[in-house]
Amino acid sequence: MSSLIVDARGVGKIFGSGEARVEALKGIDLSVDSGEFISLIGPSGCGKSTLLRLIADLATPTSGSLSVNAKTPHEARVDQDYGIVFQKATLLDWRTVTKNVELPLEIMDLDDTSTAGEMLDLVQLGEFADHYPWQLSGGMQQRVAIARALVFKPSLLLMDEPFGALDEMTRELMQQEVLRIWRETGTTIIFVTHSIPEAVFLSSRVVVMSRRPGRIAGVIETDLSYPRDEDTRESPAYYTKVTEVREALRRLEH
Amino acid sequence: MISVTGVLLSAVALWEIYKFVWTSLGWIKPIRPDDVVMPHTWDMVLELFQPVRRGGSLLILDLSTRSFWTLREALVGFVIGALVGFGLGVLFVRSSMAERAFMPYVVASQTVPILAIAPMVVVWGGRLSIPHWMSVSIIAAYLTFFPVAINTLRGLRSPDPNALELMRSYAAKPSDVLWKLQVPSALPYIFTALKVSATASIVGALIGELPAGFQSGLGRALLTFSQQFAVRSAKLYATVIICAMVGILFVAVVTLIEHRVIKETRELEGQA
């Protein structure tokens, strides 16, 4: 069995045709190893979310080959190999927190719902089990969404700007949380963001993408030891990496 | 309850003030305020406790029996119409081809006056030996299904695109997407339609009774008493009031069920 969770070779994606033709991605080569934390970063319109959606089989590549868990993305989706978290928590208002987390289990006909409680403890929302989504803050809603994405124990977690709508303080707290969850579960994470500090703080590798067509402009190893905490954010090594990513992004503008 | 009483009292007050002022000043426009065209509100109420005809039962008892029949026709029509409407909504959301093929007919069906449809339903119903009251129910269903179909369709389309993608990421079956996501999202839309349909089904039943020649309902009473308008107009007004009360009762029951079914969503609205 390969330890490659995602293997993309020459992946391209074109939307529309004729005048409306947009080349969203071109020649993407990317390998993600099991257990990695990868961030995709780039200016808006660089296709980073599109790449995530191709991996999730919510869209299909127009060229190249893409495999997820050594299967086609379609097979990986049907086998429920990944969980996904969007920028919006997208919880169902008529279900309690627990019922929201149990949703994937119900749909997948997994009768054992005990993991729902486990997951709520993992995201530290055990005491809010019987609340409704609208009774929770934005950060808490996003934690529920993470618990829901992990409840069926997928090997891959896809996150599409999950903290984009949160305030800066909540955002930093959530980053700590997601690192803890990553450590505790060993899930591979692919994380789309447009925040440089966020990408550097979280990931083992930062994938910098360029615009029109979306390409991988560079991959930066962060080389910061885990576990990372608030001290990491103030260390010189962290600043150096943030600067490195920023310069890589700036080079794209020329 | 307080608001209902308030509305009722205001209506009575407006009616009596109009009658008093116009009579005192000798005005006859727009409506002549005499006791035939505008009987006193208390005369309408008193009329309920008069015999329908010499030696007959009290009007209120007669109308209660008639209400029962009309309400039954309306209720059966309402249920049929709601089910057909819901079914069409589900069909259209699942198949855009079905929507394009049938939606024009659904819309066209509502532009044909019910007065033209009703006799046809009665004639066909007669051929198929359907009981008369059932034909009336079908006419009521004809008025009921449209708002339910349109609102169900809209409600089933209301979930966030991300929620649909989420279901796709779980490789959810179409039936799970329908029952776990789309139908719960559509409930507020469907109940809005059911409230419109509740009154429409009563109107359908009242109108349907006439060509069906159904003698025992409120529709027939409206027709008979309107022919006696010049003699005893209060009787017609009393009947109109009873019809309105039947309609209000129906809507109230639907609203009660709505509160039970979508408690959480309502609390959400209250918070926003």
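## Strand pairing

Ser39(A) has Phe191(A) of S7(A) as its bridge partner. This is a predicted model in which local features need pLDDT of at least 70 and side-chain atom pairs count only at pLDDT 80 or more, while totals for chains, interfaces and linings use all residues. Residues are numbered from 1 along each chain as its sequence is written, and chains are lettered from A and ligands numbered from 1 in the order in which they are written.

Strand S3 of chain A pairs in the parallel sense with S7(A), residues 188-193, over five bridges. S3(A) also pairs in the parallel sense with S8(A), residues 205-210, over four bridges; there Ile41(A) stands opposite Val208(A). Strands pair if DSSP finds at least two bridges between them; strands (E, at least two residues) and helices (H or I, at least four) are DSSP runs, numbered from the N terminus.

## Burial of S3(A)

Five of the five residues of S3(A), residues 37-41, are buried, so the strand is largely enclosed by the rest of the structure. Buried means that 20 or more other C-beta atoms, placed from the backbone, lie within 10 Å of the residue's own.

In a regular strand the side chains alternate between the two faces of the sheet. Phe37(A), Ser39(A) and Ile41(A) cover one side of S3(A), and Ile38(A) and Leu40(A) the other.

## Helix pair

The axes (lines fitted to C-alpha atoms over the stretch in contact, with angles from 0 to 180 degrees between N-to-C directions) of H3(A), residues 97-107, and H5(A), residues 138-150, come within 7 Å and cross at roughly 35 degrees.

Notes: Buried ≥ 20, exposed ≤ 12 C-beta atoms within 10 Å, placed from the backbone.
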